[in-house]
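This report looks at backbone geometry, nonpolar packing and aromatic contacts in one protein model. The sequence and the coordinates come first, and the discussion follows.

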Amino acid sequence: MERARSFPSRRRLLKGAALAALPYALLPDARAAAQAAAVDYPGAEWTPATSSNYTASNRPESYRLDYVIIHVTQATYADTLSIFRNPAKKVSAHYVVRSADGHVAQCVRERDVAWHAGNWDYNTRSIGIEHEGWVDKPAYFTNALYEESARLTAGICDQYGIPKDRSHILGHYQVPGTDHTDPGPNWDWTRYIRLVNFA
C-alpha cells in the first residue's frame, strides 16, 4: 500500500518564506550606506556636484576653515542642484537647504573647496550654504529653513572650531570683491545667530 504524501500547509509555506526573507530585509540598503558615508552632516542627502565645479582638497589640513558663508540661491532647490551638476556653470556650494521643509542636500564634501564665494581665499577657508529662495521674497525664509540651516551651521562651527558670531558666519555680500547681495535685507541675522548658538 502506498503511503500518502505529506504536503506542508499554505500557512507553513508563507511563514517559512517570511523567515527566509527576514535577514535580507534587515540588511542595510547599500545605497543608504554609501550615502551615509558620503555626507558630512548626518541626515543630509548626497547630491554631488560635478567634479568640474569644485576643487578637490584635504581641508582643514590643506586650508584652515574660518567661515560659514550664507547664500540665497535665486533659483529653486531643484534648479540649484541641476546648476551644480552642470560642468559649464563653474559653481557649487557644500550644502543646499530647501525652503519648504529645511531638507539639506550636500553637494561637495567639506574637505573640498566649493566655488561659491567668488573669492578664492574665502572659498578655501569657508563652507558655503545655499538657501532656496530669492532675496526679495521673504516667504521663502521659512521656520524650517532657518532651524535646519542653523543646526547645520552649528555643527560645522563645532566641527572646525569656528566662532558662532557674525564675524565668522558671513553673508555672501560680505565677501571682499563680490557683487552679490545675498542673503539680502530680509534675512533675519539676529534670529539666525541665536538659533545657531542654541542648536
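Is Trp187 buried or exposed, judged by its relative accessible area? The model is a predicted one, and in it Trp187 has a relative accessible area of 4%, which is under the 20% cut-off, so the residue counts as buried.

**Nonpolar cores**

Trp187 is also one of the residues with the most contacts inside the largest nonpolar core, a set of 28 residues in which Tyr95, Leu152, Ile156, Ile169 and Tyr192 are listed alongside it. At least two residues of this core are supplied by each of β3, β4, β7 (126–131), α5 (143–160) and α6, and the largest share, seven residues, comes from α5. In general terms, nonpolar side chains tend to be buried together in soluble globular proteins. Leaving aside residues up to four places away in sequence, Tyr192 touches Ile70, His131, Tyr146, Ser149, Ala150, Thr153, Ile169 and Trp187.

**Aromatic pairs and charges over rings**

The structure holds ten aromatic pairs. In one of them, the ring centres of Phe141 and Trp187 are 5.2 Å apart and the planes meet at 80°, which is over the 60 degrees required, so the pair is edge-to-face. Phe141 lies in the loop between β7 and α5, whereas Trp187 lies in the loop between β8 and α6, so this pair ties together parts that are 46 residues apart in sequence. Both Phe141 and Trp187 are buried. Trp187 forms a further edge-to-face pair with Trp189, with 6.2 Å from centre to centre and 65° between the planes; Trp189, at 13% relative accessibility, likewise counts as buried. Phe141, Tyr146, Trp187, Trp189 and Tyr192 form one aromatic cluster.

Charged groups are also placed over aromatic rings in this model: the charged end of Arg98 sits over the ring of Tyr77, 5.0 Å from its centre, and the charged end of Arg125 sits over the ring of Tyr122, 5.6 Å from its centre.

**Backbone geometry**

Most residues other than glycine have a negative phi, and most peptide bonds are trans. Against that background, the following sites deserve a separate listing.

| Site | Feature | Value | Location |
|---|---|---|---|
| Arg59 and Pro60 | cis peptide bond | omega about 5° | Pro60: loop between β2 (54–55) and β3 (67–72) |
| Asp182 to Pro183 | cis peptide bond | omega near 10° | Pro183: loop between β8 (169–171) and α6 (189–198) |
| Gln74 | positive phi | about 60° | loop between β3 and α3 (77–85) |
| Lys90 | positive phi | about 55° | loop between α3 and β4 (95–97) |

Methods:
Residues numbered from 1 in each chain as written. Predicted model: local features only at pLDDT ≥ 70, side-chain atom pairs only at ≥ 80, totals over all residues. Heavy atoms only, no water. Helix = DSSP H or I, 4+ residues; strand = E, 2+ residues; numbered from the N terminus. Core = buried A, V, L, I, M, F, W, Y, C linked by side-chain atoms within 4.5 Å. Buried < 20%, exposed > 50% of the residue type's maximum accessible area, 1.4 Å probe, protein only. Contact = heavy atoms within 4.5 Å. Phe/Tyr/Trp six-rings, centres within 6.5 Å; stacked < 30°, edge-to-face > 60°. Lys NZ or Arg CZ within 6 Å of the ring centre and 35° of its normal.
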